[in-house]
Amino acid sequence: MARHRFLLLLIGWLGGWLGSPSAQAALPPGFGEHPEDLRVKLVTFGPGPDAHQLFGHSALWVEDTRLRTDVLYSYGMTTHEGQGSPLHFLVRHQPFWAARLPVAHTFATYQREDRSITAQELRLPLRARQRLLARLERDVSPEHRLYAYHPTDNNCATRVRDALDDALEGSLRADASLPARFTWREHLRRHTRHSPVVSLLLLTWVNDVMDAPRTRWEEAFVPRELARLLDTSSAPRGRVDVYVSRARPVSDQEAGTSALPHLFLVGAVVGGGAVVLSILRERGATPGARIAFGLYHALFGLLSGAVGFVGLLLTRYSEHSALRCSEGLLLFNPFALALVPLGIGLAFGSARAERWTRTCVGVLMGCALLAGVLQLLPAFGQDLREPLALMLVAHLGLGMAWGGTSNAVPRMEARPQRA
């Protein structure tokens, strides 16, 4: 279950409310016939504890005060049954759908998960209320409810944003042309701060699409940014906390690089371990040092190479443009998988493995140094701070471990034999 939740984040950075088609709520006769009796609220659900909930969720709460009834329009419905392996979600745009949900039941579900619920009442003209309700009803109809999910262009928040802009006849988008507060990568960094492994993988695999300058309109793919956009437009009347979570909310300061010292320290330990094992192996005191040195290379190659290999598969097969041709593969290099058999050969004292491992380490270190140089060139705009802090120092340590070694394989000194 934990692995499945982990992959849910990778394929849906803004994962919404999971449900089934049977969750659709009935709309009473005459709902919305008098637009002056309609109240529309943007509902923003805060992040939850599970991986696919880390970005929160957006929905529209529509109330008919004359009929004293309300419904919630949500674009975050999906199911993971019968749609292939979790990796399939990383590669293809998966089907999501819109649904009309019962308000009380949906709120209770989020409250049980201790996720905050904030409602913003929108001051919409009568014509906009009519247009909005018509658009929402169209979107939840069986023939139109399905859509191809995209994490930044077509998700629960952007579809709510687009519906409101359509109702306001384009005025919302016109007001959202100012520069965004953060890049998409910075939003990814903020919302994955409590899942360091997931954060590192995503920040390695995504490319410079995530670093391009954006507008506030494009930034509204994040539910809280959509709420902020409406706060500063001419639409909102006020914000009410329906439910306040005990969890600490995401702060603007967490768009920074507080993880870098920890990653650098881990990389230094990894690189330093290679140097220590190299020294012990050169002394040739015990075969254990040679075996440990070889197994170190095999483990290093397996972990870093596997991350790079997945990134290479995403480059080749993913439909998500942000997951193709990441410069992070220079640091988590698929070529490192060659160290797995070579490391085993080192452990057994193979002279051929010794020569090829030296070459492989040189190539890997050269690629890591190239990634560092690219960060200094304006033409290469990808932010590699996290993988660079970890893997550059690790590769330098690995290179140092081979810098002072001889080409000969260390041998145990022969002991005198009795006749």
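## Strand β2 and its partners

Strand β1 (residues 38-45) pairs with β2 in the antiparallel sense, over eight bridges. Two strands pair if DSSP finds at least two bridges between them. Helices (H or I, at least four residues) and strands (E, at least two) are DSSP runs, numbered from the N terminus. Across this pairing, K41 stands opposite W61 in β2. On strand β3 (residues 69-77), six bridges join it to β2, and the two run antiparallel. There L60 stands opposite Y73 in β3. The hairpin of β2 and β3 has four residues between the strands, and R68 takes a positive phi near 55°.

This is a predicted model, in which local features need pLDDT of at least 70, side-chain atom pairs count only at pLDDT 80 or more, and totals for chains, interfaces and linings use all residues. Residues are numbered from 1 along each chain as its sequence is written, and side-chain values use heavy atoms, with hydrogens and water left out.

## Burial of β2

Eight of the eight residues of β2 are buried, so the strand is largely enclosed by the rest of the structure. Buried means under 20% relative accessible area, exposed over 50%, partly exposed in between (1.4 Å probe, protein chains only). In a regular strand the side chains alternate between the two faces of the sheet. From β2, H57, A59, W61 and E63 point one way. S58, L60, V62 and D64 point the other way, and all are buried.

## Aromatic pairs

A pair of aromatic rings is described by the distance of the centres and the angle of the planes. Rings of Phe, Tyr and Trp (its six-membered ring) pair if their centres lie within 6.5 Å; planes under 30 degrees apart count as stacked, over 60 as edge-to-face and the rest as tilted. By this rule the count comes to eight aromatic pairs. W61 and F107 form an edge-to-face pair, 5.2 Å centre to centre with 90° between the planes. The pair links distant parts of the chain: W61 is in strand β2 (residues 57-64) and F107 in helix α3 (residues 103-112), 46 residues apart. W61 counts as buried at 12% relative accessibility. F107 counts as buried at 6%.

The rings of F293 and W402 have centres 5.6 Å apart and planes at 45°, so this pair is tilted. F293 lies in helix α12 (residues 287-317) and W402 in helix α15, so the pair ties together parts that are 109 residues apart in sequence. F293 is buried, with a relative accessible area of 0%. W402 is buried too, at 3%. Ring pairs also link F45, W61, F107 and Y110 into a cluster.

## Charges over rings

A charge sits over a ring if NZ of Lys or CZ of Arg is within 6 Å of the ring centre and within 35 degrees of the ring normal. The charged end of R159 sits over the ring of Y147, 4.1 Å from its centre. That of R214 sits over the ring of W184, 3.6 Å from its centre.

## Helix α7 and the cores

Seven of the eight residues of helix α7 (residues 184-191) are buried, so α7 is largely enclosed by the rest of the structure. The buried residues are W184, R185, H187, L188, R189, R190 and H191. Their cover includes α8 (196-205), α9 (216-219), α10 (223-232) and α15 (385-403); contact means heavy atoms within 4.5 Å.

A nonpolar core is a set of buried Ala, Val, Leu, Ile, Met, Phe, Trp, Tyr and Cys residues joined through side-chain atoms within 4.5 Å. Of the 52 residues in the largest one, L188, W205, F300 and L331 touch the most other members. Helices that each supply at least two residues of this core include α7, α8 and α12. Another core lies apart from it, with 34 residues, among them V140, A157, V160 and L172.
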